[in-house]
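Here is a brief report on backbone geometry and strand pairing. Please keep the model open while reading.

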Amino acid sequence: MSLHKTHSIPSIRWLKLARDLMAEKGRILLMLTAITVSIIAIGAVLGSYAVLTREIAANYLGTNPASATLELEGDVDARIVKLARQHPQVREAEARDVILARAKVGEDWRSLLLFVIDDFAAMRISTFAPIQGAWPPATGEMLIERTATSMLEATVGGHVLVKTAHGTAREVTIAGLVHDPGLAPASQERTGYGYISRATLSTLGERPLLHELRITVRDPQASIQGVESVASNLARSLTDQGIAVHEIRVPPPRQHPHQRQLVTILFMMLAFSVMALVLSGILVSGSLAAMLVRQVREIGIMKTIGARTRQIFGMYALMVASIGIMAVVLAIPLGWLGTQILTKAIAGLLNFNLTDAAVPTWVFAVQAFAGGVVPLLVAAIPIARASRMSVRQALDHYGVSPDSLRWRTAKLPRPARNALRRPTRLALTVALLAAGGAMFMTALNVSAGWDRNIAKVYETRHYDVEVRFHEAQGSPVAERIRALPGVKSVEAWGYSPAAFAKPGQINVVRTYPDRGHASFSVMGPPADTRLIGFPVLAGRWLQPTDTEGVVLNHAAAAQVPQIRIGDRIDLSLDGKPASRRLVGIVEEIGSSAVAYVTDQAFARIVGTQVGAQGSARLLRIATHANSPQGRIDVIRTIEQRLSDDGVSVETAVPLAELRTAMADHIVILTRALLTMAVVMATVGTLGLASTMGVSVVERTREFAVMKTVGATPRRIIVLLIAEALFIGALSWIIALILAVPLTGLVDTLVGRLGFVAPLPFIMSPVAALGWLALLGGVSLVSTILPANRAARMSVARALVAL
Amino acid sequence: MIELEHVSKVYPGSNGNFKALDGITLRFPAGEFVAIVGKSGSGKSTLINLIAGIDRPSDGVIRVVGTPVGTLDESNLATWRGRHIGVVFQFFQLLPTLTIAENVMLPMDFCATLEPRAARLRAMALLEKVGIADQANKLPSSLSGGQQQRAAIARALANDPPLIVADEPTGNLDSHTAEAVLALLVGLSKAGKTVVMVTHERDLTQYADRIVTLADGKIASQTTAGQHTVSEVSHA
């Protein structure tokens, strides 16, 4: 075989290195893949973090979001705005209002949040930008948020039938689209967003009054307590001047409504990515040790002909560095691509425009460090060990030695004994597989826990639709609905927005201006309600005699973490104070904070009687329908009946909508978990493939000896497969054990993010058996190929193989 | 050239220590062709490994070209060996991924004796000398055993060392090829190189200047060419 003639002659040792790399293509590819995958993950996550952190400033903070909103009893006129602006700790003030209206989409009514703007040309707080059509909208026209077009099934130039609490349904022209980064996407909230002027509000049948005084505080870094203090001071100051302040709303400062989700997702992905890199490092170390097994005698020869330890170390260190550099070269553009995909997905979750998707240089630097240095650090030990080996040790090296077998292992089955001949490598491989498997299972377990929680939405709620009225009704409304065809049962509940009251102070709630995120309400169901059945976490559910008792759902309890069963709670229901004793805490998945009192107690608080006019602002209705379309038909009948009766409906939300909203909120998180599961599975199984390849190579001579004493190739292959399955099974058991606390931890993290409570702990059989099947498959494939080669090698060739 | 004084080598084993060499004292002048013979386990390979610095003595002193080999650390020993000793193995031990010429160039690279272009010229000259220049660009696996051993000899000569150490260089060759290889080694000796060769062959009188026979780690006899003198078993 004649090789090409060289014109420029490279250093021979580097030539040898290059040829060795080519000769070990398979193993190099394994290492390269593992490192590349983990560096891509790190790059994508860090890049997304860097871009999105920057975009939060450019988008959400760019709207100058309100630090606080003061809800006034009357109109916020120019004088009040001026007074607020004169407050020493207030930077800006502006009048606004938010009206919960409804828009007819096809045959159904959907929720529509109408933001009433005093002067489109002079907005200073919670600004939004026109992106298409007219600006400002003329009277009778409306701008809509760009994400609301799908919810309203209309766009610029179209018309939407809008109905407010006090008006009749009226057609409004959509004059333009705006982008409002301060709002979560409309489809996630299952509501439309419209922007109108005072004049248009008037045409919709409402009084042209703006009740919200939105302010920003001077201190740009003010904490939530600091903002509350400024807002309370301003509220007192206004009250002193005869201006009644009904409530103060303070959202988490400088934090987008979905920012916690963003941070948690990225943090979790980063943790998984770093773990993947560590596992890749272990894989590199193991694979390199395997390559060195083949190279040991060559190292001995090179030392015999003059190679110094340092030169040998340098050669193999360069080999690892080359793999790292190749991985970095591949991973940087792919990581960048991952960043673009991830940021786009998360930007969608946050309703952001990516103004600048450029990934900062430090992200690439971290990737380069991770790929260039980490593998080198972990490989330094096996390289140093091989380089320092004396010439005699190296020349006498014939693969794995039986001396490493301990007497204690003598009673173990043969595959186990073989695996234990290299205890350090076995430990590394098992650690790699167990960690990868534990994370793989955790990702799927958490995903299963999430699905289980979503299922609870249906299991704990036995109604099909919730109807809220603008004005509280009496029992006749419920009776009429109950008589409709398809309706199974109806319960009339009291309902009121609420706050945890501080005696003598104006109510402060930590709600976003969209009034959905972080809201709190009090509900008054019949004590013997059959339409809900929430699991009791502490104390008990309401009893008919509970005139003084209150039950909090877990989201409400989380807002008053110090409270215990039996403690008194001061509530404010739309300004009406009520002090009640806590009798229980229930788990209510998929709801904002709610305090439950009996319908009797609720009526007493709002000054009426059960069944009387003004006692029920909410109906929960179960239908006989057993198909989505059937339910929609019944809901349409109910809507029609209420419309005929002249009852003004605020919202009518099918239970299915709640489920859709929940799934949409967190879909990216479950996708991220599954992506990470794939990354961990890739790295883990590559590790097993590498180990088995090594195990075969270093025992080539041993197999030759076995064959000389009668072992068939088939027997040798079976022996190796059994060994791979032993390693896989051992790691699977450890992974299963590790997955228990890890699943608990991630369940808590993700559950608190999505539901304000840990997710139900589920060890998914699909995850456990799926990983086992994957291990089994990889064991077979990664063993059969090299084992087949080794088993069929001629005895003479095998005896001089190493 | 080579001085061994009271050299012993002991290997620890599971059934107690094994003494491979027992108080050997020898002197080989420059340019001598020495054959070390003996049965398996007599200690001949151990002796050659100690001379080449591949192994270290348990006791005694070995000086090669004036350097006490045992005092050098592994790294310095490697460089020293690369410059002063050419080693020829029974199984040739050519690196499989390098061509024959590249194998010959490798010692020059490690010891930085010549830059690559000059090293290539020297490698070709050496291959010419051992008669396989036409095989220079082939991989070892495509050469016959005899050709591989010639290549190994060329590699041993790469840094022009004064001492060639050969461990059973003909052990894996047919008799015709073995004779050619031995003739090559004799030529080197005549050119002024000291050649120390371990072999099972007993009839080496036509090649070797001196034959040292080992038995149980001791010198059983020494025969020098022309004199045919059998010395006493020597311990000191």
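## Asp216 of chain B

The model is predicted. Asp216(B) sits in the loop between β9 (210-215) and β10 (218-224) of chain B. Its phi is positive, about 50 degrees, although Asp216(B) is not a glycine.

Most residues other than glycine have a negative phi, and most peptide bonds are trans. The loop between α3 (100-110) and α4 (116-130) of chain B holds Ala112(B). Ala112(B) is partly exposed, with 15 other C-beta atoms within 10 Å.

In chain A, the peptide bond between Trp135(A) and Pro136(A) is cis, with omega about -10 degrees. Pro136(A) belongs to the loop that links β4 (129-133) and β5 (141-145) of chain A.

## The sheet in chain B

Chain B has an open sheet of 6 strands. Their order is β6-β7-β8-β3-β9-β10, with mixed pairing. β6 (85-88) and β10 of chain B stand at the edges; each has a single partner strand, so one side of each lacks a neighbour in the sheet. Neighbouring strands of this sheet are turned by 15 degrees against each other on average, direction ignored.

How do β3 and β9 of chain B run, and how many bridges join them? Strand β3 (residues 33-38) and β9(B) run parallel, joined by 5 bridges. Gly38(B) has Leu214(B) in β9(B) as its bridge partner.

Technical notes
Residues numbered from 1 in each chain as written. Chains lettered and ligands numbered in written order. Predicted model: local features only at pLDDT ≥ 70, side-chain atom pairs only at ≥ 80, totals over all residues. Helix = DSSP H or I, 4+ residues; strand = E, 2+ residues; numbered from the N terminus. Buried ≥ 20, exposed ≤ 12 C-beta atoms within 10 Å, placed from the backbone. Pairing = 2+ DSSP bridges. Axes fitted to C-alpha atoms, helices over the stretch in contact; angles between N-to-C directions.
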